[in-house]
Amino acid sequence: MSEWIDCTERLPKPQQQVLVNDLNGEGVLIAWRALWMEVGGVPTGEWKWVFQIADLDDSDVDIKQWCPYPSPDQ
């Protein structure tokens, strides 16, 4: 598996599915970064983490590290 990358070093590309390490206790999560939209689909210019677990919001987790999602053969 790839090495963990600190978010202070760099962030993943938009919509790139990655693994994130949640320091608040959820553990390793599948996530991606997405441009936040207003009602009507108007971009706000703000990026947020989106998670495979629908009930999680980026304010619920403390992400300090991420790594690329492993390929199926890993």
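Predicted model: local features only at pLDDT ≥ 70, side-chain atom pairs only at ≥ 80, totals over all residues.
**The surroundings of D22**

Good morning. Leaving out neighbours within four places in sequence, the residues in contact with D22 are G27, L29, V61 and D62.

What is the nearest side chain of opposite charge to D22, and how far away is it? That side chain is K64, at 9.6 Å. D22 is buried, yet has no salt bridge. The side chain of D22 does, however, reach a backbone atom: the nitrogen of D62, at 2.9 Å. D62 is also one of the residues in the contact list with which I opened.

I now turn to the salt bridges. How many does the structure hold? There are 2.

One of them brings us back to D62, which pairs with K64; their closest N and O atoms are 3.4 Å apart. K64, then, is the nearest opposite charge to D22, but its salt bridge is formed with D62. As for accessibility, K64 has a relative accessible area of 45% and is therefore partly exposed. D62 has a relative accessibility of 25%, so it also counts as partly exposed.

The other salt bridge joins E46 and K48, with 3.7 Å between the closest N and O atoms. Are these two residues buried or exposed? E46 is partly exposed, because its relative accessibility is 41%. K48 stands at 18%, and since buried means under 20%, K48 counts as buried.

To close, I return to D22: this buried residue has no salt bridge, and its side chain reaches the backbone nitrogen of D62. Thank you.

Terms used:
Residues numbered from 1 in each chain as written. Heavy atoms only, no water. Buried < 20%, exposed > 50% of the residue type's maximum accessible area, 1.4 Å probe, protein only. Lys, Arg positive; Asp, Glu negative; His and termini not counted. Salt bridge = Lys/Arg side-chain N within 4 Å of Asp/Glu carboxyl O. Polar contact = N/O pair within 3.5 Å; in protein donor to acceptor, adjacent residues only side chain to side chain. Contact = heavy atoms within 4.5 Å.
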